[in-house]
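Biologist: I'd like to go through this one with you and ask what stands behind each label. Can you set the values against the definitions as we go?

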Amino acid sequence: MLVKFIRQFKLNSTSKFYLLSIILILIPTVVLTIIAFKISYSATIAEIRMQMMEAAITLEQQFDIKYSSIEDIIIKQGVDSSSRAKQILLLNEELQPMVDNVSSKINGDIHIGFFWAEEQSIIACGPECDDYSPKRWSLDSPVFESYKTGMPAFIDRIDSSYLGHENISLYTLPIYNNNTIDGHIWVAYNTDKVSHIAHREAGKIAFIGLFIGVIFISLSYLLSIYFRTNIAAFANSVLNNDTDNNNKYMCIPELQPLVIAIETKTTELSKSYQLLFAEFQKNIQTLNELKESEQRFNTIFYNGPNLLFIVDINSKLCLDCNKNFTLKIGYTKEDIIEKSIYDLEVFKAADIDKIFSIINGNGKITNLEISYRHQNNKSHYGLLSTEFLTIDNKSCLFMVINDITERKLFREQLEKIDKLKLIDKLAGAMGHEIRNPMTTVRGFIQLLSTKNELQPYKHYFTLIISELDRANGIITEYLSLAKSTPITLTKANLNTIINNLFPLIQADAFARDMQIKLDLHEISDINLNEQELRQLILNIVQNGLEAMNTGGLLTIHTELINDKVCLKIIDQGKGIPANVLNQLGTPFVTTKDKGTGLGMSVCYAIAGRHKAKIYIRSSESNGTEITISFPTDQSTTQST
Ligand code: ADP
Ligand code: MG
């Protein structure tokens, strides 16, 4: 309870200790002081009573030796009974020496005397008391207790003006005259003096208690300083790991287990620290390895030859892509990241839907052929494979595109070559099936033309024969273009061939009200078949002129680019329709009413035989530019 009481004061532990000590010392001291006062008071009273009784009895004994009663004194001395004053004086003379004798032997604070009942007056008293005049004491006064009981009596705390004190203790011993009491011996003591003695005794106890308290608190204070100093030294030595300082805290041996425990824990901690540090270093190494591996992965991812990109399956947003992807589609990474795959306009929406319908069926895609678009609208082709990934708790699709545009074009070229072989066969068949009957027809016409009766029609026969020869010439030309037999190539300059052809081409253009521009630069000689190249140029020029409106300009341009002889024929026509462009070179593909659809097929065949490549750029607004790139000796040597 006391501790609870102290706790409510917000004091530090030292102040609490002192407060508790003071309370613990103060309370017993006060209690002990009270008890000491009570005991001392009772003991002193008992002692004084004994002394009072002894004094009374001593005085009685002395009285009894000489007299049997107070009246006996008067009788023996023969004093006139009518003079009270004389009688009192006589009694005083007889008894005062006895009183003086006794009072000289007892405690000076005890008053003793004789009281004569008949006169109700003190007749002798000591020490130092002269007034013996009669004092009429009321019979109700406790002083006369003994007269009622006939026994000695102690009366406490009576008011006595005689002794000039408030409280006195009185002992009365009756003096008998035969069977009646004619007076008494009284002994009085000032009880206030007893209180003073008791107070003095209690004061001593209080002083001793307080003294012990002060000593205790001082000792506690000194002890606390001692312990605090030693605990501070101990704490410092533990903190500094100062083993030499052990003696300092060994003056509190109870701390030794703590020191041992701390040392054990420190050793354990140091071991754990070493282990942790080793683990930490291992982790750092792993982290570095992870970093390196991440960097390696990043390098592989960002610089890989395939087109790589990652799409969030739910939001359809592009999360990342590699360099090749940005290069192939012509956008920067910033254009792509966080954009919807639909908004990129790289893939056809139908293709994206198809991809996600396969994915949502939990299927993986392997080598799905898709097309994708460059920013400049040029189409590319690739094989798409996918893998599921989880990045930052998002379900993602890792898409890998293996670009097959070149391969696809090559395949298409091969297909064209296959188609040309078909032309070859067709041409061969035509040669046999048309030429033979034509030869027969020509022979008979020639025979008929020699007949005399048919001479008036001779000019018809001549015309028929010349037309048949022309038709035969055309067939021969087709046969020669589509032939699978090797052609003979001779070194010649393309510019020369163009210059030779120029009048013919210009005449044609002139007839159509169009213009031809030659833009010929110095080029190397190449291995060529003049006949075939003439055909190639004529076919392409003719297509150009047919595509243009009157006033159009057709440019024939030659140039040496990267050791290759490039022939460009540029027109200002309406462009090649996209569906025709895709199948250009396929026999019989034509948009013209009287067209054969063989012209470009023948050109591809001739280019193939010269190991040349044909590139076409065409648009409705800018016309068509057809480039044929011929290998030269230098380029052939370099590539081998
Ligand atoms: P033809 O000329 O007999 O139609 P070609 O093989 O020469 O056969 O040409 C095939 C088709 O290609 C033409 O019908 C035409 O639609 C298209 N073409 C070829 N060259 C051009 C060009 N320079 N400009 C526009 N269209 C062209
Ligand atoms: Mg043509």
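Biologist: Why is Cys-566 called buried?

Modeller: Buried means under 20% relative accessible area, exposed means over 50%, and partly exposed is in between (1.4 Å probe, protein chains only). Cys-566 has a relative accessibility of 8%, so Cys-566 counts as buried. Cys-603 goes the same way: its relative accessibility is 0%, so that one is buried too. Bear in mind that this is a predicted model, where local features need pLDDT of at least 70 and side-chain atom pairs count only at pLDDT 80 or more, while totals for chains, interfaces and linings use all residues. As for bookkeeping, residues are numbered from 1 along each chain as its sequence is written, chains are lettered from A and ligands numbered from 1 in the order in which they are written, and side-chain values use heavy atoms, with hydrogens and water left out.

Biologist: How many disulfides does the rule give?

Modeller: A disulfide is a pair of cysteine sulfur atoms within 2.5 Å. By that rule the count is zero.

Biologist: What makes Leu-91 a buried residue?

Modeller: Its relative accessibility is 0%, so by the cut-off Leu-91 counts as buried. Leu-91 is in helix α4 (residues 84–105); helices here are DSSP runs of H or I with at least four residues, strands are runs of E with at least two, and both are numbered from the N terminus.

Biologist: Which residues is Leu-91 in contact with, leaving aside its neighbours within four places in sequence?

Modeller: Contact means heavy atoms within 4.5 Å. With those neighbours left out, Leu-91 is in contact with Ile-70, Ile-73, Ile-74, Gln-96, Trp-116 and Ile-123. Ile-70, Ile-73 and Ile-74 are also on the list of buried residues of helix α3 (residues 70–77), together with Asp-72. After α3 comes Gly-78, with a positive phi near 65 degrees.

Biologist: How do you know that Asn-495 is buried?

Modeller: The relative accessible area of Asn-495 is 13%, so Asn-495 falls in the buried class. Asn-495 lies in helix α14 (residues 494–511).

Biologist: What does the side chain of Asn-495 reach at 2.9 Å?

Modeller: The backbone oxygen of His-521. The label is polar contact: a pair of N or O atoms within 3.5 Å, where within protein one must be able to donate a hydrogen and the other to accept it, and residues adjacent in sequence count only if both atoms are side-chain atoms. The side chains of Asn-495 and Thr-558 are also joined by a polar contact, of 2.8 Å.

Biologist: And ligand 1: which residues come nearest?

Modeller: Near means that a heavy atom of the residue lies within 4 Å of the molecule. There are 19 residues around ligand 1, and Asn-543, Thr-590, Thr-591, Lys-592 and Met-600 come nearest. Ligand oxygen atoms sit 2.8 Å from an N or O atom in the side chain of Asn-543 and 2.4 Å from one in the side chain of Thr-591. The protein buries 94% of the 530 Å² that ligand 1 exposes when taken alone, with areas from the Shrake-Rupley method and a 1.4 Å probe.

Biologist: Which helix gives the most to the shell around ligand 1?

Modeller: That's α15, with three residues. Both α15 (530–547) and α17 (599–609) supply at least two each.
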